Amino acid sequence: MADAAPPPSKRKREVAAAGEEAPGTEDQEAKAAGVGNGTPAPVHLPFSGFRVQKVLRESARDKILFLHGKVNEASGDGEDAIVILEKTPFQVDQVAQLLTGSPELQLQFSNDIYSTYHLFPPRQLSDVKTTVVYPATEKHLQKYLRQDLHLVRETGRDYKNVTLPHLESQSLSIQWVYNILDKKAEADRIVFENPDPSDGFVLIPDLKWNQQQLDDLYLIAICHRRGIRSLRDLTAEHLPLLRNILREGQEAILQRYQVKGDRLRVYLHYLPSYYHLHVHFTALGFEAPGSGVERAHLLAEVIENLERDPEHYQQRTLTFALRADDPLLRLLQEAQKS
């Protein structure tokens with residue numbers, strides 16, 4: 001029987017590369033709902049110095065900046081590191097503190113009933129989420145560098161003849177996924193588990209969610225069953241697993257975070273960021289990365305498609321975006337010309 005994991009007394013906030021696992025660096029007390037305001041323990045960056053080499057990418061809308069820098073230069077030639085700086089969302093229960101007393105302000109303009117200021121919040125309300133990739137390889141630098149995107153349409157035949165052989169030729173380690181499933185890592189972060197080896201899964205907060213507020217709620221369901229790489233592998237055989245993830249995942253989130261199923265976006269990515277079947281649960285009002293129509297496939301619709309046609313995803317043409325420097329883009333373009 002599937003059981004909800006008991007709420008841990010402590011949770012961890014991670015400093016990790018997007019799409020990669022890394023150990024947590026700060027402990028914080030969790031509130032009953034699992035979303036708390038913790039006091040971070042003193043920590044240090046895993047390197048000394050940071051000399052900016054290049055701004056890899058930035059987004060004014062998302063309030064995020066990707067920096068490539070040289071570190072540890074005092075002890076040699078230096079190493080490459082990537083630091084990602086992201087402004088965190090407001091915490092509603094703390095916003096009032098910004099305006100109490102005499103906040104530090106700079107007037108920008110005033111006109112009739114309208115005025116605009118720069119407000120300088122106190123230290124405890126001005127944290128910046130900092131993600132570190134160190135040491136960073138050329139592959140990491142290319143991953144975070146802004147690139148033009150191209151839409152491709154992949155037929156079932158393209159997948160079998162081009163995409164799948166390309167994936168199998170890559171050394172894409174997902175040992176970190178198995179570590180979670182085997183409780184060798186992050187066991188204290190599991191929100192819910194159905195332990196069935198065929199139709200079960202674990203539900204765990206995504207590293208992109210700092211668990212400080214529910215507006216950007218983001219959890220991942222990772223299936224226990226191995227060998228299901230992506231949407232393309234799904235058939236009617238997997239319907240019990242998919243139904244469990246949808247129903248039990250929504251129930252677990254309601255129990256832990258008091259967020260109902262009709263306020264959640266539940267979907268799979270294609271192409272996924274790693275090739276072990278997983279499902280995304282995000283707050284409906286949150287524009288999570290990869291939630292656009294060219295990548296996200298709603299789980300409820302995936303289930304319905306498989307109920308109608310067990311081979312739907314082996315045959316269907318799927319559309320997705322690839323970066324200009326992705327070797328798969330060239331391979332698919334060449335295959336579709338011939």
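Trainee: What should I know before I start?

Mentor: This is a predicted model, where local features need pLDDT of at least 70, side-chain atom pairs count only at pLDDT 80 or more, and totals for chains, interfaces and linings use all residues. Residues are numbered from 1 along each chain as its sequence is written, and side-chain values use heavy atoms, with hydrogens and water left out.

Trainee: OK. How many helices and strands does the protein chain have?

Mentor: The protein chain has 8 helices and 17 strands. Those are DSSP runs numbered from the N terminus: helices are H or I with at least four residues, strands are E with at least two.

Trainee: And how much of the chain is buried?

Mentor: Of the 338 residues, 41% are buried. Buried means under 20% relative accessible area, exposed means over 50%, and partly exposed is in between (1.4 Å probe, protein chains only).

Trainee: What about contacts between residues 24 or more positions apart?

Mentor: They make up 63% of the chain's contacts with a separation of 6 or more. A contact means heavy atoms within 4.5 Å.

Trainee: New topic. Which residue does UniProt list as "active site"?

Mentor: His278, in an unreviewed entry. UniProt positions are given in the numbering used here, feature names are shortened, and annotations may be inferred rather than shown by experiment.

Trainee: Where does histidine 278 lie? Is histidine 278 buried or exposed?

Mentor: Histidine 278 is in strand E15, residues 278-283. Its relative accessible area is 4%, so histidine 278 counts as buried.

Trainee: What is histidine 278 in contact with?

Mentor: Leaving aside neighbours within four places in sequence, its contacts are Ile220, Ala221, Ile222, Leu268, Pro272 and Ser273. The side chain of histidine 278 also reaches the backbone oxygen of histidine 276, at 2.8 Å.

Trainee: Now cavities. How many of 30 Å³ or more are there?

Mentor: There is 1. On a 1 Å grid over the protein atoms alone, a cavity is a set of points where a 1.4 Å probe fits but cannot get out, and lining residues have an atom within 4 Å of a point. The largest cavity holds about 50 Å³. Volume here is the space filled by probe spheres set on the points, with grid points joined across faces, edges and corners.

Trainee: Which residues line the largest cavity?

Mentor: Among them are Arg229, Leu268, Pro272, His276 and His278. That last one is the residue from the UniProt record.

Trainee: Last one. What does histidine 118 touch?

Mentor: Not counting residues up to four places away in sequence, histidine 118 touches Glu104, Leu105, Gln106 and Gln108. Histidine 118 lies in strand E8, residues 114-120. Histidine 118 is partly exposed, because its relative accessible area is 42%.

Methods: 1 Å grid on protein atoms, 1.4 Å probe; cavity = no way out; pocket = protein on both sides within 12 Å on 5 of 7 lines; lining within 4 Å. Polar contact = N/O pair within 3.5 Å; in protein donor to acceptor, adjacent residues only side chain to side chain.
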